[in-house]
Amino acid sequence: MTAHDPQGEGAPEQGQGEPVPSAFPPIVADVTSALFRQFLDLLPDALIVVDEQGYLVQANAQATTVFGYSREELLGQSLDLLLPERFREIHRRHAAHYFKAPRLRPMGIGLRLFARRKDNSEIPVEISLSPLRVGEQLYVIAAVRDMTAQRRAEREKALLLQNLSVQGELLNQAYDAIIVRDPLDRILLWNRGAERLYGWPAQEALGRISTRLLKTGFPEGEVAVRTVLEQNGQWEGELTQVCRDGRLVVVESRQALVRDQQGQVLATLEINRDISERRQRERETQAMLAGHLSLLEQLFEALPFAVALVAGEQARLLLANQAVRRVWGTDWPPGLPFLEFLQRHGIVISDQRGKALTPEELVTLRVLREQQAISLYQEQVRRADGTLLPVLVSALPLHVPPEALQGERLRQCEPGEPLALVIHQDVTPLKEADELKDEFISIAAHELRTPLAALTGYAEMLLRQTERGHGPPLATWQREALEEIQQGTARLVSLTEELLDLSRLQAGRLQLQRLPADLVPLVRQVVRRLQPTTARHQLTVQAPAEPLVALIDPHRLEQVLTNLVENAIKYSPQGGPVEVRVVPERDGRAILISVQDHGIGIPRHQQGQIGGRFMRAENARAWGIEGTGLGLYLARALVEQHGGRLWFESEEGQGSTFFVRLPLLREESEEGCEQRLDSEASAATPGLPEAGA
Ligand code: ADP
């Protein structure tokens, strides 16, 4: 850049047109003078003076600070020095234009002007131009203001405004009613949620006293709410308010005070959510629950069984119906643990045979410990006055969420404590009916014995004596009739025997005559005896050669095996193989006898009941196969009296296998008569229910 002499030859023509007023006092005789410079230094803005050729002739101290050049570096330089490259050309044109009609004006209105500093950085500037005529020479004084800070502030303001409008939009998007009130409760902000909820448009709500507009009801009292707000800065609770159309709404309100830095309250922010519908639903549910509850309570009382709700491992009583008193003969006070109650009143609970049950065995305590339903378990209650009550006990663990425990008594249950419903059913009438039935069976069976013996005896005598030539020979029809009588009476005799066994069993008089005997020949003998009774079945026996000695009543065991093999034949009406297997268990302690057929099988849903007294499967009846449902009941009882187990596996339409597991007599225990199988034997008995269940 070349140095420039402001008074030099290249000076352009003077400005034409209107005279240029001098903005400066007459001290300005020479713009380059020290006096003028000092004067410029006094002014707050950065000032530069440029001649018509675009050379800098003066700059004040502020200008040197703004541009980063010393005054010496500036003076004589082209103005281009202070312009970013891209503006130089356009600036030159503007300058030429300006000098033609110089006047006081800001430069580049609406344009973003930038200047270049010595370090090459650009700064946003605002420039005011003022023409200055000194003698014949026309200059321009440019006041340059560094706008960096201002532009930053403008940007921040724009951002803030943008944020505010986003927030306003957010407030409007909120479903809740959002209200801002000034300290006098006048509404400052009213979002669309508030318009929706209350029906007042913002322009009508703004400026009104909110509590008056909405006729706000404070269930806790207005003073209390204001006190909490004042103390804690916030408050939450329910309010009632009235909408523009007179509708009453219940709102869940959250309010917070907005304070300035000195702690002065500026406004209250209030967010209200309409919960009218929820409250209405709750009221309806509660009314319904109350209805159900009273119905339940009535049902509970009307039940003929003693129903008790107990809690905790000790079975503390929570609730009981009237019938509980009838079972125990006294009141069981709420809160009292079960065992304590029994002890206090001298009540003893025993099993069917009268053996007192230990606390571990009592259903009422077991259900709470085991958390499993127990159904129809037989117990006997001996009350303080000595009266005995047979009961069936059922119990159900309850899994109730703590909040469902309504009512004073139920609330005495600790959260997490086990809960159970225990039902004692007095079965005295059933027991009596059972005893009557047993008695009848016993009498009928005994009474049948004598006439049956006579019938059998005489039919046999008639046939045998005639065969021997005593009396006239029998016609064919007479012989056939006699043979029919013989078969019929044989069936009756076996039925009578079964009934007698049943009544002996019930009375505990079914005694075994046990002696050591080899089981293998016994099994073979039963099969050999029954094979001639059927032409359609092939009976086979698989058994080891060596003797398998057990302590048995051979007659009774034969009865058991006969029943199983006869059933296998009877319940496979299409014929087929019947396989009997005798297998000693590996440890030599027991023997497993199985009888397998490929007959009609037992329907799965009835398998649990088969083996009960008089129980027959429906498919047996459907096939028209006759029977009494007593054989298996007796067989099982007999096997159990031998210390063994009887069970079966069966698939309907495929066949059944019945198993008998008996303890073998081992040399070291041959002396003893009492041999029991361990309880594991019963673990695999899916097909037969427990006695007494
Ligand atoms: P029943 O005199 O009826 O044969 P049981 O006590 O011997 O009486 O058997 C009870 C019931 O068990 C039978 O009625 C029958 O439904 C079923 N049952 C017993 N054994 C078999 C078998 N091998 N196959 C199919 N069902 C059987």
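1. Gln 371 occupies the loop between helix 13 (363–370) and strand 15 (374–382) of this predicted model. The phi angle of Gln 371 is near 55°, a positive value in a residue other than glycine. As a general rule, most residues other than glycine have a negative phi. Gln 371 has a relative accessible area of 28%, so the residue is classed as partly exposed.

2. Helix 13 itself, which Gln 371 follows, deserves a separate comment. How many of the eight residues of helix 13 are buried? Six of them are, and helix 13 is therefore largely enclosed by the rest of the structure. The buried residues are Val 363, Thr 364, Leu 365, Arg 366, Val 367 and Leu 368.

3. Asp 185 is placed in the loop between strand 7 (177–181) and strand 8 (187–190). Is Asp 185 buried or exposed? With a relative accessible area of 8%, Asp 185 is buried, because buried means under 20%.

4. The aromatic rings may be considered next. A search of the whole structure finds nine aromatic pairs. One of them joins Phe 36 and Phe 39: the ring centres are 6.4 Å apart and the planes meet at 25°, so the pair is stacked. The cut-off behind this label is that planes under 30 degrees apart count as stacked. Both residues belong to helix 1 (residues 34–42), where they are three residues apart, about one turn of the helix. In general, an α-helix has 3.6 residues a turn, so residues three or four places apart point the same way. Phe 36 is buried, at 1% relative accessible area, whereas Phe 39 is partly exposed, at 24%.

5. A tilted pair is formed by Trp 332 and Phe 338, with 5.3 Å from centre to centre and 45° between the planes. Trp 332 and Phe 338 are both buried. These two residues also belong to a cluster in which ring pairs link Trp 328, Trp 332, Phe 338 and Phe 341.

6. Two arginines are placed over aromatic rings. The charged end of Arg 86 sits over the ring of Phe 114, at 6.0 Å from the ring centre. The charged end of Arg 208 sits over the ring of Trp 200, and here the distance to the centre is 5.2 Å.

7. Which residues form a nonpolar patch on the surface? They are Val 258, Leu 266 and Leu 269, which together have about 220 Å² of accessible area. Leu 266 is part of strand 11 (residues 265–274). The relative accessibility of Leu 266 is 45%, and the residue therefore counts as partly exposed.

8. Tyr 458 is located in helix 14 (residues 428–467). Its relative accessibility is 54%, so Tyr 458 counts as exposed, the cut-off for that class being over 50%. Tyr 458 and Gln 486 are separated by 28 residues in sequence, and their C-alpha atoms are 9.4 Å apart in space.

Technical notes:
Residues are numbered from 1 along each chain as its sequence is written. This is a predicted model: local features need pLDDT of at least 70, side-chain atom pairs count only at pLDDT 80 or more; totals for chains, interfaces and linings use all residues. Side-chain values use heavy atoms; hydrogens and water are left out. Rings of Phe, Tyr and Trp (its six-membered ring) pair if their centres lie within 6.5 Å; planes under 30 degrees apart count as stacked, over 60 as edge-to-face and the rest as tilted. Helices (H or I, at least four residues) and strands (E, at least two) are DSSP runs, numbered from the N terminus. Buried means under 20% relative accessible area, exposed over 50%, partly exposed in between (1.4 Å probe, protein chains only). A charge sits over a ring if NZ of Lys or CZ of Arg is within 6 Å of the ring centre and within 35 degrees of the ring normal. Patches are made of residues with over 30% relative accessible area and no salt bridge: like charges are joined within 9 Å, nonpolar side chains (Val, Leu, Ile, Met, Phe, Trp, Tyr) within 5 Å. Accessible areas come from the Shrake-Rupley method with a 1.4 Å probe; for residues, only the protein chains shown count as cover. A salt bridge is a side-chain nitrogen of Lys or Arg within 4 Å of a carboxyl oxygen of Asp or Glu.
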